[in-house]
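Hello,

Please find the structure below. My notes on the spaces in it and on a few single residues follow.

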Amino acid sequence: MANVLKTIRTGNDYIESLRGRDLKVYLFGELVKEPVDHPMIRPSINAVAETYDLAVREEALASAHSSLTGLTVNRFLHIAESAQDLVLQNKMQRKLGQNTGTCFQRCVGMDALNSLHSTTFEIDEKHKTDYHKRFLEFVKMVQKENLVIGGAMTDPKGDRSKGPAEQDDPDLFTRIVDRDEKGIYVSGAKAHQTGCINSHWIILMPTVRLTENDKDWAVVGAIPADAKGVTYIYGRQSCDTRSMEEGDIDSGNAKYGGQEALMILDRVFIPWDKVFMHGEYEFASMLIERFTCYHRRSYVCKTGLGDVLIGAAATIADYNGVPNVSHIKDKIIEMTHLNETIFAAGIASSHQGHKMKSGVYLNEDVLAQVCKHNVTRFPYEISRLAQDIAGGLVVTLPSEKDFRHPVAGPLLKKYLKGRKGADVENRMRILRLIENMTLGRNAVGYLTESMHGAGSPQAQRIQIQRQMQIGYKKNLAKNLAGITNDIEEPNELSDYFNRIFKTKDSIL
Ligand SMILES: Cc1cc2nc3c(=O)[nH]c(=O)nc-3n(C[C@H](O)[C@H](O)[C@H](O)COP(=O)(O)OP(=O)(O)OC[C@H]3O[C@@H](n4cnc5c(N)ncnc54)[C@H](O)[C@@H]3O)c2cc1C
Ligand code: SF4
């Protein structure tokens with residue numbers, strides 16, 4: 001690959017780069033010696049490794065030319081320089097979802113980098129700070145070294161009806177606890193952190209709109225994943241210990257899995273050159289809105305997982321001898337329709353991308369909200385249909401150990417037969433995959449992450465409501481109905497329709 005530094009290139013290089021770090025990770029009440037070698041953690045590392053291997057195998061899809069460094073860089077580290085870059089992010093995400101059947105963890109960092117590009121630029125514009133320059137230096141470094149960036153936005157939040165400064169315990173939102181001439185010190189925690197243990201750097205960002213009282217919580221900064229003062233407590237996933245058993249059938253997807261952990265920060269030092277917001281509380285909502293705009297359309301990743309589940313449903317229907325039954329065919333059509341509806345909104349949002357003042361491209365917000373809102377629902381329906389087609393064995397299937405047993409095994413081979421010619425082991429494997437994606441380890445990525453990741457459903461409804469321009473739409477109706485004495489004010493296009501109809505300068 002032309003111009004790419006050799007530091008980390010392949011998935012294997014990446015896996016080796018994670019070894020020997022001083023990470024403090026708790027799992028099952030013990031500190032993990034080397035996460036890379038832990039059988040429960042390794043599938044999540046394999047999923048990230050695939051983001052590197054894809055960039056080698058399909059350079060045009062998973063790499064991009066960076067005008068910042070002049071290098072060909074991994075697309076997850078690229079600042080979008082055109083709407084086409086945004087579209088290619090989505091295509092890469094779908095492909096990786098297809099290849100791994102799980103969350104491959106790198107999009108949070110990608111979306112954090114892109115949203116910080118414009119936000120740091122606009123903070124500097126107002127406050128004459130130099131965050132954007134510091135930020136660009138950070139991006140150049142991670143592009144050159146080809147690193148994994150985690151994006152840490154969600155605080156534990158304590159009482160959800162209260163802001164950071166109103167909590168009984170101020171650490172329930174990550175905050176600045178000290179500062180000196182070298183930098184700042186932050187304490188608090190970040191919850192549900194995707195791929196944090198598999199990251200090289202983590203960008204800390206605020207999670208809610210902030211007021212003047214919350215200045216100490218208005219902090220953005222980059223820390224190495226193994227920074228002093230960071231403790232991780234590994235998140236459990238349904239059926240996760242199957243990865244620690246013998247054999248590879250029962251885990252359903254033995255190679256790939258996702259990862260989330262609770263990340264605790266105890267006076268973690270961030271040098272000034274890695275601080276990208278420090279007290280500018282009024283920019284927290286801008287950063288959150290831009291990040292969620294990128295990230296909610298990144299959820300087209302789930303259509304790649306949907307492709308896998310649709311394929312699994314069609315395969316089990318075949319093994320069961322009913323591939324051509326009309327209601328089965330219709331259910332597969334319905335699954336495909338729902339899956340492509342998610343993709344349609346996401347990719348349209350990227351195609352409608354527009355240039356920001358800093359030069360980065362931002363996708364269309366309303367369509368991103370619609371994409372993510374569909375993701376909070378459709379994978380559940382697709383999963384319901386997959387379980388319908390799979391039959392009850394998806395939850396009553398005996399273990400691989402029984403299947404290999406000299407007495408129980410032959411009984412299972414006799415009684416778990418499907419149609420003539422369908423191998424019983426293959427039938428078990430596909431049933432386990434359906435279980436894995438709809439009830440097991442990767443149901444975290446396919447279902448609950450779809451619900452809450454990038455914000456729970458109500459967060460999208462609020463954004464849709466804010467931008468749906470109901471007054472303008474009422475006037476359209478009143479105009480056609482001949483009502484001239486009851487016009488809504490303001491009677492003008494808002495940002496959404498301006499962008500759709502391109503009546504304004506494209507730099508917003
Ligand atoms: C698998 C997974 C991976 C994730 N990865 C990341 C990551 O990498 N980085 C990251 O930063 N975050 C990540 N998240 C966090 C995600 O963004 C949050 O889960 C989401 O914002 C919801 O927050 P919560 O889980 O604290 O739920 P809660 O905020 O407790 O929400 C629960 C319910 O309460 C409602 N609610 C909460 N507060 C209010 C309120 N004030 N008013 C009205 N209703 C309210 C919500 O709408 C929801 O219905 C991940 C989450 C999951 C599940
Ligand atoms: S949930 Fe999807 S968008 Fe988010 S990090 Fe995982 S794969 Fe990427």
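The shell around ligand 2 divides into six nonpolar, three polar and two charged residues. This is a predicted model, so please read everything here as computed from it. The residues surrounding ligand 2 are C103, F104, Q105, C107, V108, H295, S298, Y299, C301, K302 and E449.

Pockets

Which pocket does ligand 2 take up? The space taken by ligand 2 is the largest pocket. That pocket holds about 1500 Å³ of space. Its lining is made up of 49 residues, and those nearest the centre are T154, H452, A454, G455 and S456. By class, the lining has 19 nonpolar, 20 polar and 10 charged residues. At least two lining residues come from each of α5, β7 (183–194), β11 (260–271), α7, α8, α16 (443–452) and α17 (457–467). Of the elements, α7 contributes the most to the lining of the largest pocket, with eight residues.

The second largest pocket has about 550 Å³ of space. It is lined by 23 residues, with E289, D365, Q467, D495 and R499 closest to its centre. The lining of this second largest pocket divides into eight nonpolar, seven polar and eight charged residues. Elements that supply at least two residues each to it are α7, α17 and α19 (495–501). Both α7 and α17 also supply at least two residues each to the lining of the largest pocket.

Cavities

How many cavities of 30 Å³ or more does the structure hold? There are three. The second largest cavity has a volume of about 70 Å³. Its lining consists of D155, F173, T174, K190, L204, M205, P206, T207, L210, W217 and V219. By class, these are seven nonpolar, two polar and two charged residues.

Cysteines

The structure holds zero disulfides. C239 is in none, and the nearest cysteine sulfur, in C103, is 18 Å away. C103 is also one of the residues around ligand 2. At 32% relative accessibility, C239 counts as partly exposed, because the class runs between 20% and 50%.

C371 is buried, with a relative accessible area of 0%.

Backbone

Most residues other than glycine have a negative phi.

- C239 has phi near 65 degrees, a positive value in a residue other than glycine. C239 lies in the loop between β10 (230–234) and β11.
- Q469 has phi near 55 degrees, again positive in a residue other than glycine. Q469 is placed in the loop between α17 and α18 (470–481). With a relative accessible area of 12%, Q469 counts as buried, because that is under the 20% limit.

Regards

How values were computed. Residues numbered from 1 in each chain as written. Chains lettered and ligands numbered in written order. Predicted model: local features only at pLDDT ≥ 70, side-chain atom pairs only at ≥ 80, totals over all residues. Heavy atoms only, no water. 1 Å grid on protein atoms, 1.4 Å probe; cavity = no way out; pocket = protein on both sides within 12 Å on 5 of 7 lines; lining within 4 Å. Points joined across faces, edges and corners; volume = space filled by probe spheres on them. Nonpolar A, V, L, I, M, F, W, Y, C, P; charged D, E, K, R; others polar. Near = heavy atom within 4 Å. Sits in = over half its atoms within 2 Å of the grid points. Disulfide = S-S within 2.5 Å. Buried < 20%, exposed > 50% of the residue type's maximum accessible area, 1.4 Å probe, protein only. Helix = DSSP H or I, 4+ residues; strand = E, 2+ residues; numbered from the N terminus.
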